[in-house]
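Hi,

Here is the structure I promised to pass on.

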Amino acid sequence: MSVLIKSLKIAGAALVAVLFCNLLGLQSSVTAGIITVLSIGNTKRETFRSAINRGLAFLCAIGISFLCFKLIGYNIWAFSIYLFIFSLVCLVCKWPEAIAMDSVLITHFLGAGQISGALLLNESLLFIVGTLMGIIVNLHLHPKSTDFDKAAEKVDGEIKQIISRMSRNILLTDKTEYDGKCFEKLDKSLDVAENCARINRLNKIWNNNFYEEEYVQMRRRQYYVLQQIYQNIMRLKTIPGQTEKVAEILDRIQSEYHRQNNVKSLLGELEQCVQSMKQQNLPVSREEFEDRAILFCILKQLELLLKIKSDFVKSNQF
């Protein structure tokens, strides 16, 4: 449905541009429709930025073509030299999208065999009408906070499931069915949320609020930490007595895992657990020593996981 609506929007905008140019009595009014199509971007900022770039490029194109046609004549050789110089300017200035659009307008000078004031006005109006119509069509684009909320909730839900699986599997010696496929799924969900956040920001002309993108970045950093925790859980060969306490903390984290939680109480509980482990008797075997060291490492990684969220909450307090 969205593809159909976008197609209708493009066709309708181009038609209006052509009809308006016909009312103004402009020559080659169909060109305005093509310019409209090329001016419609995916976001407001993209559309405005492209319009500015093409406008500057259009002025350059007129100057370059005037010199080429006056010095060499209105022929294909002059147009080829113009195209070489203009393309070079556009690529250096990072205006590649302007090369085709503006050059189409310049071909009208070549076809007419002159650059008169009336023809300059005609081409300028074709450019202005087509570009403005592209901008007008995209003015209806608004940030879709609900789309981001759904994407963020999906990410949060998958992270909760990962932590829940950790709390169960850390207590098992047989982890043959415990794989890391859930991380692949989470990675894709993070990409979706990140793209949604970026589009939302680009559809705000005057507002540079990076909250949604920063939120996704925060969750991605947690994603990397969770991968390290998973790898450590897989390294466990036994189940020391302290494992149950670590499992309880994991379960507590997943049960309180939501966007608004400042994780202050969780950090306090985690610190108590770390201090408790430091005060316990030393391990009596090498295997126990290694596994308890892994558990301690997991606790420190959980601390990092929570601090990532804590720092994000602090930096986004208004």
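What percentage of the 318 residues of the protein count as buried? The answer is 45%, where buried means under 20% relative accessible area, exposed over 50%, and partly exposed in between (1.4 Å probe, protein chains only).

Before the rest, some housekeeping. This is a predicted model, so local features need pLDDT of at least 70 and side-chain atom pairs count only at pLDDT 80 or more, while totals for chains, interfaces and linings use all residues. Residues are numbered from 1 along each chain as its sequence is written, and side-chain values use heavy atoms, with hydrogens and water left out.

The fold

There are twelve helices and zero strands. Both come from DSSP runs (helices: H or I, at least four residues; strands: E, at least two), numbered from the N terminus. Among contacts (heavy atoms within 4.5 Å) with a separation of 6 or more, 76% join residues 24 or more positions apart. Val129 in helix α6 (residues 117-138) gives you an example to click on. Val129 is buried at 10% relative accessibility, and beyond its neighbours within four places in sequence it is in contact with Ala17, Phe20, Cys21 and Leu24.

The outside

The protein exposes about 17200 Å², with carbon and sulfur atoms supplying 61% of it (Shrake-Rupley method, 1.4 Å probe; for residues, only the protein chains shown count as cover). One nonpolar surface patch, with residues including Phe66, Trp77 and Leu88, has about 1200 Å² of accessible area together. Helices α3 (44-72) and α4 (76-92) each give two or more residues to it, and α4 has the largest share, seven residues. Leu88, in α4, is partly exposed at 46%. For the record, patch residues have over 30% relative accessible area and no salt bridge, and nonpolar side chains (Val, Leu, Ile, Met, Phe, Trp, Tyr) are joined within 5 Å, like charges within 9 Å. A salt bridge is a side-chain nitrogen of Lys or Arg within 4 Å of a carboxyl oxygen of Asp or Glu.

The rings

I got ten aromatic pairs. Rings of Phe, Tyr and Trp (its six-membered ring) pair if their centres lie within 6.5 Å; planes under 30 degrees apart are stacked, over 60 edge-to-face, the rest tilted. Tyr82 and Phe86 are stacked, at 5.4 Å centre to centre and 15° between the planes. They sit four residues apart in helix α4. Tyr82 is buried at 0%, and Phe86 is buried at 0%. The Tyr178 and Tyr230 pair is edge-to-face because its planes are at 75°, with centres 5.0 Å apart.

Cheers
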